[in-house]
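Please go through this briefing with the sequence and the 3D view side by side.

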Amino acid sequence: DQQVKQNSPSLSVQEGRISILNCDYTNSMFDYFLWYKKYPAEGPTFLISISSIKDKNEDGRFTVFLNKSAKHLSLHIVPSQPGDSAVYFCAASMNRDDKIIFGKGTRLHILP
Amino acid sequence: GAVVSQHPSWVICKSGTSVKIECRSLDFQATTMFWYRQFPKQSLMLMATSNEGSKATYEQGVEKDKFLINHASLTLSTLTVTSAHPEDSSFYICSAPPPGHSPLHFGNGTRLTVT
């Protein structure tokens, strides 16, 4: 039973445009949500997080939106750059210090 | 920033042998570390939670006798894949929570190939 779902295995976006990656979760006990970026043969790199008391968190080109009632979050990257091409994992946990559960990832291709 | 180091980065071993993977938190202490594995084009699946000074907590379906975890100190956790088989070939990644409720930091992973 997948608790964190990323239904789009891949996404292609033109350089300079906005990339929107989506994520859904099923466990209402999740309280903390994260996005990680991963290159092949490397560990995930933390990008941005949001706690359930907020509905938006912004850090530079990255913004995460959380809709608790819909159990949905999204990552917006604007403007998209070539170096953003990677696999993005959505993740969730019950609190900041707990284990995190990952989605299957979305491969983002930034087109020149 | 918080750094998690994993060693080796890749290893090839023969069926039936055992392989040890080390995970170190370089600039912080971690009473808990997490071990994940990733199959090609799949998600990162949590295998177990490593607890300093006590037994590891394994996720459902993970054989604790096959994947031995030892958290010997506040900066080191090891995962030993015992009697490895080709189906154990995977990418193993460890992580640790830095102090101050910071997000989990991950090591660079270990690519295990069992021939």
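Chain B and chain A bury about 1600 Å² between them, and 59% of this area lies on carbon and sulfur atoms; buried area here is the accessible area (1.4 Å probe) that two parts lose on being put together, summed over both. This is a predicted model, in which local features need pLDDT of at least 70 and side-chain atom pairs count only at pLDDT 80 or more, while totals for chains, interfaces and linings use all residues. Residues are numbered from 1 along each chain as its sequence is written, chains are lettered from A and ligands numbered from 1 in the order in which they are written, and side-chain values use heavy atoms, with hydrogens and water left out.

**The interface between the chains**

- On chain B, 18 residues are in contact with 18 residues of chain A, where contact means heavy atoms within 4.5 Å.
- The count of salt bridges between chain B and chain A is one, a salt bridge being a side-chain nitrogen of Lys or Arg within 4 Å of a carboxyl oxygen of Asp or Glu.
- A salt bridge is formed by the side chains of A:K99 and B:E59, at 3.1 Å from N to O.
- Seven residue pairs, both residues at pLDDT 80 or more, are in polar contact across the interface of chain B and chain A. A polar contact is a pair of N or O atoms within 3.5 Å; within protein, one must be able to donate a hydrogen and the other to accept it, and residues adjacent in sequence count only if both atoms are side-chain atoms.
- On the side of chain B that touches chain A, the elements giving two or more residues are β4 (32-38), β5 (44-51) and β9 of chain B; strands (E, at least two residues) are DSSP runs, numbered from the N terminus.
- The largest share of that side of chain B, three residues, comes from β4(B).
- Sorted by class, the side of chain B that touches chain A has nine nonpolar, eight polar and one charged residues. Ala, Val, Leu, Ile, Met, Phe, Trp, Tyr, Cys and Pro count as nonpolar, Asp, Glu, Lys and Arg as charged, and the others, Gly among them, as polar.

**Aromatic rings**

- Over all chains, a search of the whole structure finds ten aromatic pairs. Rings of Phe, Tyr and Trp (its six-membered ring) pair if their centres lie within 6.5 Å, and planes under 30 degrees apart count as stacked, over 60 as edge-to-face and the rest as tilted.
- The rings of A:Y36 and A:F102 have centres 5.7 Å apart and planes at 55°, so this pair is tilted.
- This pair links distant parts of the chain, since A:Y36 is in strand β4 (residues 32-38) of chain A and A:F102 is in strand β10 (residues 101-102) of chain A, 66 residues apart.
- A:Y36 is buried, at 0% relative accessibility, and A:F102 is buried too, at 5%; buried means under 20% relative accessible area, exposed over 50%, and partly exposed in between (1.4 Å probe, protein chains only).
- The ring of A:Y36 also pairs with that of B:F106, with centres 5.2 Å apart and planes at 85°, so the pair is edge-to-face.
- That pair crosses between chains, from strand β4 of chain A, which holds A:Y36, to strand β10 (residues 105-106) of chain B, which holds B:F106.
- B:F106 is buried, with a relative accessible area of 9%.
- One aromatic cluster is formed by A:Y36, A:F46, A:F89, A:F102, B:Y36 and B:F106.

- A:S51, in strand β5 (residues 45-51) of chain A, is buried, with a relative accessible area of 18%.
- Not counting residues up to four places away in sequence, A:S51 touches A:D31, A:Y32 and A:L66.
- B:P98, in the loop between β9 (90-96) and β10 of chain B, is buried, with a relative accessible area of 6%.

**Backbone details**

- The peptide bond from A:V78 to A:P79 is cis, with omega near -5°, and A:P79 lies in the loop between β8 (72-77) and β9 (86-93) of chain A.
- B:H7 and B:P8 are joined by a cis peptide bond with omega about 0°, and B:P8 is in the loop between β1 (4-7) and β2 (10-13) of chain B.
- A:A41 has a positive phi of about 60° although it is not a glycine; A:A41 lies in the loop between β4 and β5 of chain A and is exposed, at 53% relative accessibility.

Notes: Helices (H or I, at least four residues) and strands (E, at least two) are DSSP runs, numbered from the N terminus.
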